[in-house]
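Dear colleague,

I am handing over the structure below, and after it I set out what was found. Please read the text with the model open beside it.

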Amino acid sequence: MRHIVNAAVIRDGCLLLVKEKGRAVLTLPGGEMEPGETEEECLVRELDEELVGVGHRKVFRYFQRVEGVSPGQKDVISVSVYLAELEGHIGARSDVDNVIWAFNPMLYPLSDVTWKIVNLLLREKYLHPLQ
């Protein structure tokens with residue numbers, strides 16, 4: 001089973017979602033760990049690869065581990081999710097089509113794993129459903 005690390009970045013009640021090129025669904029920023037990397041090192045590398053404008057201050061706090069179907073290879077993956085605080089105006093790098101600050105992420109097409117993570121964030125009150 002592949003191991004992935006994702007960042008749940010929440011600002012002003014909105015969750016940061018990315019749409020990678022060639023994919024129909026949105027995910028959280030992050031990716032697969034390389035040999036010898038810690039989860040935090042992987043997250044810093046992946047955020048730098050996917051996003052522009054991320055300031056030097058990156059704060060991560062472990063949230064939860066989730067298993068589900070990967071959006072790309074359709075295999076079962078294990079995902080470590082970190083709550084992340086990032087500074088700066090965040091935009092997309094070349095392999096990402098778009099970044100979206102979603103007030104209600106459930107209105108967007110989400111990958112299996114991202115859908116599970118959003119539900120956990122809602123249940124734990126990190127995100128708030130529309131009234």
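In which loop is the place of Glu-37? Glu-37 sits in the loop between strand E3 (30-32) and helix H1 (39-50), where helices (H or I, at least four residues) and strands (E, at least two) are DSSP runs numbered from the N terminus.

Before going further, please note that this is a predicted model, in which local features need pLDDT of at least 70 and side-chain atom pairs count only at pLDDT 80 or more, while totals for chains, interfaces and linings use all residues. Residues are numbered from 1 along each chain as its sequence is written, and side-chain values use heavy atoms, with hydrogens and water left out.

Glu-37 is buried, with a relative accessible area of 18% (buried means under 20%, exposed over 50%, and partly exposed in between, with a 1.4 Å probe and protein chains only). The side chain of Glu-37 reaches the backbone nitrogen of Glu-34 at 2.8 Å, and, leaving aside neighbours within four places in sequence, Glu-37 is in contact (heavy atoms within 4.5 Å) with Glu-32, Cys-42 and Arg-45.

Turning to helix H2 (residues 112-123), its 12 residues should span 16 Å at 1.5 Å a residue, and the end C-alpha atoms are 17 Å apart, which agrees; the expected span is 1.5 Å times one less than the number of residues. Within H2, Val-113, Thr-114, Ile-117, Val-118, Leu-120 and Leu-121 are buried. They cover an arc of only 160° around the axis, which puts them on the same side of H2, the arc being that of the directions from the helix axis to the C-beta atoms. What covers these buried residues includes strands E1 (2-11), E2 (14-20), E5 (58-69) and E6 (76-86).

The structure also holds 2 aromatic pairs (rings of Phe, Tyr and Trp, the last by its six-membered ring, with centres within 6.5 Å; planes under 30 degrees apart count as stacked, over 60 as edge-to-face and the rest as tilted). Tyr-62 and Tyr-82 form an edge-to-face pair, 5.4 Å centre to centre with 80° between the planes, and this pair links distant parts of the chain, with Tyr-62 in strand E5 and Tyr-82 in strand E6, 20 residues apart. Tyr-62 is partly exposed at 41% relative accessible area, whereas Tyr-82, at 5%, counts as buried. Phe-63 and Tyr-126 form an aromatic pair that is edge-to-face, at 5.4 Å and 85°.

Methods. Polar contact = N/O pair within 3.5 Å; in protein donor to acceptor, adjacent residues only side chain to side chain.
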